[in-house]
Amino acid sequence: MTLEKLIEAGYRNGYDEVLEIMRRTGTDQGLLYPSDGPAFLLAEQLTGITLTPELLKRSVYLCGGIPTP
């Protein structure tokens, strides 16, 4: 989901703040994959939680798939 799609869906609140964070972290240039370094920096800026190797190793992960229509 891109910011543009969120705006189209009516989620305008916070857009400017998130866009500024994305610009500062260099994550405003297109699709971002979870393995990309800037994705972790963006997550830290949005949540205030630093994703350290230790945190990632001891965390429990749940996942699922959503079929494409």
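Thr25 is buried in this predicted model, because its relative accessible area is 11% (buried means under 20%, exposed over 50%, and partly exposed in between, with a 1.4 Å probe and protein chains only). The residue belongs to helix α2, which covers residues 15-25 (helices are DSSP runs of H or I of at least four residues, strands are runs of E of at least two, and both are numbered from the N terminus). Beyond the residues up to four places away in sequence, Thr25 touches Pro38, Leu41, Leu42 and Gln45 (contact means heavy atoms within 4.5 Å). The side chain of Thr25 also reaches the backbone oxygen of Met22, at 3.4 Å.

The model is a predicted one, in which local features need pLDDT of at least 70 and side-chain atom pairs count only at pLDDT 80 or more, while totals for chains, interfaces and linings use all residues. Residues are numbered from 1 along each chain as its sequence is written, and side-chain values use heavy atoms, with hydrogens and water left out.

The protein contains four helices and zero strands, and its elements follow the order α-α-α-α from the N terminus. Mean pLDDT for the protein is 78, with 80% of the residues at 70 or more (pLDDT is the predictor's confidence in each residue, from 0 to 100). Among the elements, the lowest mean pLDDT, 64, is found for helix α1 (residues 3-8), and the highest, 90, for helix α4 (residues 53-58).

Of the 69 residues in the protein, 14% are buried. Among contacts between residues at least 6 apart in sequence, 10% join residues at least 24 apart. The accessible surface amounts to about 6,000 Å², and carbon and sulfur atoms account for 59% of this area (accessible areas come from the Shrake-Rupley method with a 1.4 Å probe; for residues, only the protein chains shown count as cover).

A nonpolar surface patch is formed by Phe40, Leu56 and Tyr61, which together have about 280 Å² of accessible area. Leu56 is located in helix α4 and is partly exposed, because its relative accessible area is 32%. Apart from neighbours within four places in sequence, Leu56 is in contact with Phe40, Leu51 and Tyr61. Tyr61 is placed in the segment after α4 and counts as exposed, because its relative accessibility is 53%.

Notes
A polar contact is a pair of N or O atoms within 3.5 Å; within protein, one must be able to donate a hydrogen and the other to accept it, and residues adjacent in sequence count only if both atoms are side-chain atoms. Patches are made of residues with over 30% relative accessible area and no salt bridge: like charges are joined within 9 Å, nonpolar side chains (Val, Leu, Ile, Met, Phe, Trp, Tyr) within 5 Å. A salt bridge is a side-chain nitrogen of Lys or Arg within 4 Å of a carboxyl oxygen of Asp or Glu.
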